[in-house]
Amino acid sequence: MRREDGGIALRLLLWAALLAIVASAVLFVYVRVQEPLALGETTVRLVKTGANSEAPRLRRAGTIHVATTLRNEGRMPVTITGLGDADAGAALYVPTSLALGDGETASADAAADFTPITIDPGEGVGVLITYEANGDLDCSVFSAEPDASWPLRAVTVDASAYAMPFTQTVLATPPFARIEGPTRDQCRAAMEPRAA
(Lines give C-alpha, C1' and ligand atoms only; values in the text may rest on other atoms or scores of the structure.)
Protein backbone atom coordinates (compact mmCIF):
# COMPACT_ATOMS: atom_id res chain seq x y z
CA MET A 1 0.00 0.00 0.00
CA ARG A 2 2.83 2.40 0.71
CA ARG A 3 4.12 2.10 -2.86
CA GLU A 4 0.73 3.19 -4.20
CA ASP A 5 0.63 6.16 -1.81
CA GLY A 6 4.10 7.24 -2.96
CA GLY A 7 3.12 6.87 -6.62
CA ILE A 8 -0.03 8.96 -6.15
CA ALA A 9 1.89 11.67 -4.31
CA LEU A 10 4.54 11.72 -7.04
CA ARG A 11 1.88 11.99 -9.76
CA LEU A 12 0.17 14.85 -7.92
CA LEU A 13 3.49 16.67 -7.59
CA LEU A 14 4.26 16.15 -11.29
CA TRP A 15 0.79 17.43 -12.30
CA ALA A 16 1.16 20.45 -10.01
CA ALA A 17 4.59 21.22 -11.49
CA LEU A 18 3.24 20.83 -15.03
CA LEU A 19 0.30 23.14 -14.28
CA ALA A 20 2.65 25.73 -12.76
CA ILE A 21 4.85 25.63 -15.88
CA VAL A 22 1.85 25.97 -18.21
CA ALA A 23 0.40 28.84 -16.12
CA SER A 24 3.77 30.63 -16.15
CA ALA A 25 4.08 30.19 -19.92
CA VAL A 26 0.55 31.53 -20.49
CA LEU A 27 1.23 34.55 -18.25
CA PHE A 28 4.56 35.18 -20.00
CA VAL A 29 2.94 35.13 -23.45
CA TYR A 30 0.03 37.28 -22.27
CA VAL A 31 2.37 39.92 -20.82
CA ARG A 32 4.51 39.92 -23.98
CA VAL A 33 1.64 40.39 -26.45
CA GLN A 34 -0.50 42.88 -24.56
CA GLU A 35 -0.05 46.59 -25.05
CA PRO A 36 -1.79 48.00 -21.99
CA LEU A 37 -0.37 51.53 -22.04
CA ALA A 38 -2.04 54.54 -23.66
CA LEU A 39 -1.54 58.30 -23.58
CA GLY A 40 -4.00 60.90 -22.32
CA GLU A 41 -4.39 64.56 -23.24
CA THR A 42 -1.13 66.34 -23.92
CA THR A 43 0.42 69.76 -23.39
CA VAL A 44 3.43 70.59 -25.57
CA ARG A 45 6.10 73.23 -24.99
CA LEU A 46 8.67 73.97 -27.71
CA VAL A 47 12.09 75.39 -26.83
CA LYS A 48 14.46 76.70 -29.53
CA THR A 49 12.63 75.01 -32.38
CA GLY A 50 11.99 78.06 -34.55
CA ALA A 51 9.49 80.89 -34.51
CA ASN A 52 6.49 78.96 -35.85
CA SER A 53 4.84 76.92 -33.11
CA GLU A 54 2.57 75.24 -35.69
CA ALA A 55 5.58 73.87 -37.59
CA PRO A 56 8.63 73.58 -35.33
CA ARG A 57 11.95 73.03 -37.05
CA LEU A 58 14.91 70.80 -36.46
CA ARG A 59 17.47 72.62 -34.30
CA ARG A 60 20.50 71.11 -32.57
CA ALA A 61 19.54 72.87 -29.33
CA GLY A 62 15.83 72.24 -29.86
CA THR A 63 13.83 70.66 -27.06
CA ILE A 64 10.21 69.57 -26.98
CA HIS A 65 8.55 68.96 -23.60
CA VAL A 66 5.38 66.86 -23.61
CA ALA A 67 3.21 66.63 -20.50
CA THR A 68 0.71 63.80 -20.63
CA THR A 69 -0.86 60.98 -18.66
CA LEU A 70 0.39 57.45 -19.17
CA ARG A 71 -2.67 55.22 -18.65
CA ASN A 72 -2.95 51.50 -17.99
CA GLU A 73 -5.83 50.17 -20.08
CA GLY A 74 -4.86 46.55 -19.44
CA ARG A 75 -6.11 44.03 -16.91
CA MET A 76 -3.00 43.78 -14.73
CA PRO A 77 -0.98 46.30 -12.72
CA VAL A 78 1.93 47.63 -14.79
CA THR A 79 5.15 49.06 -13.38
CA ILE A 80 6.80 51.67 -15.57
CA THR A 81 10.57 51.33 -15.17
CA GLY A 82 11.82 54.02 -17.57
CA LEU A 83 12.34 55.01 -21.17
CA GLY A 84 12.87 52.13 -23.54
CA ASP A 85 15.43 51.93 -26.31
CA ALA A 86 13.83 52.76 -29.62
CA ASP A 87 15.53 52.81 -33.00
CA ALA A 88 15.87 56.54 -33.62
CA GLY A 89 16.58 56.05 -37.33
CA ALA A 90 15.57 59.20 -39.20
CA ALA A 91 13.54 60.63 -36.31
CA LEU A 92 14.17 64.35 -36.02
CA TYR A 93 13.63 64.43 -32.25
CA VAL A 94 14.06 61.52 -29.84
CA PRO A 95 12.90 61.07 -26.23
CA THR A 96 15.80 61.64 -23.85
CA SER A 97 14.16 61.75 -20.43
CA LEU A 98 11.03 60.74 -18.56
CA ALA A 99 9.96 62.53 -15.37
CA LEU A 100 6.95 62.38 -13.09
CA GLY A 101 4.60 65.34 -13.34
CA ASP A 102 0.98 66.42 -13.19
CA GLY A 103 0.27 65.45 -16.80
CA GLU A 104 -0.54 69.06 -17.72
CA THR A 105 2.52 71.26 -17.09
CA ALA A 106 5.12 70.92 -19.86
CA SER A 107 8.08 72.21 -17.86
CA ALA A 108 11.03 70.41 -16.29
CA ASP A 109 10.68 72.76 -13.29
CA ALA A 110 7.28 71.24 -12.50
CA ALA A 111 8.42 67.62 -12.73
CA ALA A 112 10.15 65.24 -10.33
CA ASP A 113 12.92 62.80 -11.12
CA PHE A 114 11.57 59.54 -12.45
CA THR A 115 11.33 56.54 -10.16
CA PRO A 116 9.61 53.29 -11.16
CA ILE A 117 5.89 53.55 -10.54
CA THR A 118 3.05 51.03 -10.65
CA ILE A 119 -0.18 51.89 -12.44
CA ASP A 120 -3.26 49.85 -11.57
CA PRO A 121 -5.74 48.87 -14.32
CA GLY A 122 -7.86 51.86 -15.32
CA GLU A 123 -5.50 54.34 -13.62
CA GLY A 124 -2.85 56.71 -14.94
CA VAL A 125 0.17 58.74 -13.91
CA GLY A 126 1.28 62.20 -15.05
CA VAL A 127 4.60 62.25 -16.88
CA LEU A 128 6.85 64.72 -18.65
CA ILE A 129 8.66 63.40 -21.72
CA THR A 130 11.55 65.47 -23.04
CA TYR A 131 12.57 65.16 -26.68
CA GLU A 132 15.81 66.54 -28.05
CA ALA A 133 17.26 66.73 -31.55
CA ASN A 134 18.50 63.35 -32.73
CA GLY A 135 22.29 63.69 -32.50
CA ASP A 136 22.75 60.59 -34.68
CA LEU A 137 20.51 61.87 -37.46
CA ASP A 138 21.82 60.98 -40.93
CA CYS A 139 21.05 64.05 -43.02
CA SER A 140 21.73 62.15 -46.25
CA VAL A 141 18.28 60.54 -45.97
CA PHE A 142 16.70 63.90 -46.83
CA SER A 143 16.42 65.25 -50.36
CA ALA A 144 17.19 68.67 -51.84
CA GLU A 145 13.46 69.48 -51.66
CA PRO A 146 11.64 70.06 -48.36
CA ASP A 147 10.05 66.93 -46.93
CA ALA A 148 6.51 66.79 -45.64
CA SER A 149 6.09 67.33 -41.93
CA TRP A 150 7.34 64.61 -39.59
CA PRO A 151 4.92 63.62 -36.84
CA LEU A 152 6.32 63.40 -33.32
CA ARG A 153 4.02 60.81 -31.85
CA ALA A 154 5.79 57.97 -30.08
CA VAL A 155 7.51 57.19 -26.82
CA THR A 156 8.95 53.78 -25.96
CA VAL A 157 8.79 52.74 -22.32
CA ASP A 158 10.17 49.82 -20.39
CA ALA A 159 7.67 48.23 -18.03
CA SER A 160 6.82 45.03 -16.23
CA ALA A 161 3.70 43.16 -15.20
CA TYR A 162 4.00 40.58 -12.43
CA ALA A 163 7.81 40.88 -12.63
CA MET A 164 7.83 40.03 -16.35
CA PRO A 165 9.52 42.83 -18.30
CA PHE A 166 8.25 44.17 -21.62
CA THR A 167 8.78 47.20 -23.83
CA GLN A 168 5.95 49.11 -25.48
CA THR A 169 5.97 51.94 -27.98
CA VAL A 170 3.00 54.14 -27.10
CA LEU A 171 1.56 56.27 -29.91
CA ALA A 172 -0.14 59.63 -29.58
CA THR A 173 -3.15 60.39 -31.76
CA PRO A 174 -3.01 63.11 -32.90
CA PRO A 175 0.79 63.54 -32.85
CA PHE A 176 2.40 65.68 -30.13
CA ALA A 177 3.76 67.95 -32.86
CA ARG A 178 4.45 68.00 -36.59
CA ILE A 179 8.05 68.93 -37.26
CA GLU A 180 8.71 70.82 -40.48
CA GLY A 181 10.53 68.45 -42.82
CA PRO A 182 14.03 69.72 -43.59
CA THR A 183 16.00 69.51 -46.80
CA ARG A 184 19.37 67.76 -46.71
CA ASP A 185 21.18 71.12 -46.46
CA GLN A 186 18.81 72.45 -43.77
CA CYS A 187 19.40 69.29 -41.75
CA ARG A 188 23.18 69.63 -42.03
CA ALA A 189 23.06 73.32 -41.10
CA ALA A 190 20.79 72.64 -38.13
CA MET A 191 22.85 69.74 -36.80
CA GLU A 192 26.40 70.98 -37.32
CA PRO A 193 28.18 71.71 -34.05
CA ARG A 194 28.44 75.33 -33.05
CA ALA A 195 31.89 76.82 -32.57
CA ALA A 196 32.66 77.49 -28.91
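**Note on the strands and the disulfide**

1. Strand β1 is joined by nine bridges to strand β2 (residues 63-72), the two running antiparallel, where helices (H or I, at least four residues) and strands (E, at least two) are DSSP runs numbered from the N terminus, and two strands pair if DSSP finds at least two bridges between them. Within this pairing, Thr-43 lies opposite Ala-67 in β2.

2. This is a predicted model, in which local features need pLDDT of at least 70 and side-chain atom pairs count only at pLDDT 80 or more, while totals for chains, interfaces and linings use all residues. Residues are numbered from 1 along each chain as its sequence is written, and side-chain values use heavy atoms, with hydrogens and water left out.

3. Five strands make up an open sheet in the order β1-β2-β7-β4-β5, with antiparallel pairing. Because β1 (37-47) and β5 (112-113) stand at the edges with a single partner strand each, one side of each has no neighbour in the sheet.

4. Strands β9 (residues 154-161) and β10 pair in the antiparallel sense over eight bridges, with Val-155 opposite Val-170 in β10. The two form a hairpin with two residues between them, and Tyr-162 in the turn has a positive phi of about 50°.

5. The structure holds one disulfide (a pair of cysteine sulfur atoms within 2.5 Å), formed by Cys-139 and Cys-187 with their sulfur atoms 2.0 Å apart. Cys-139 lies in the loop between β7 (124-133) and β8 (150-152) and Cys-187 in helix α2 (residues 184-191), 48 residues apart. The torsion about their S-S bond is about -65°, so the disulfide is left-handed.
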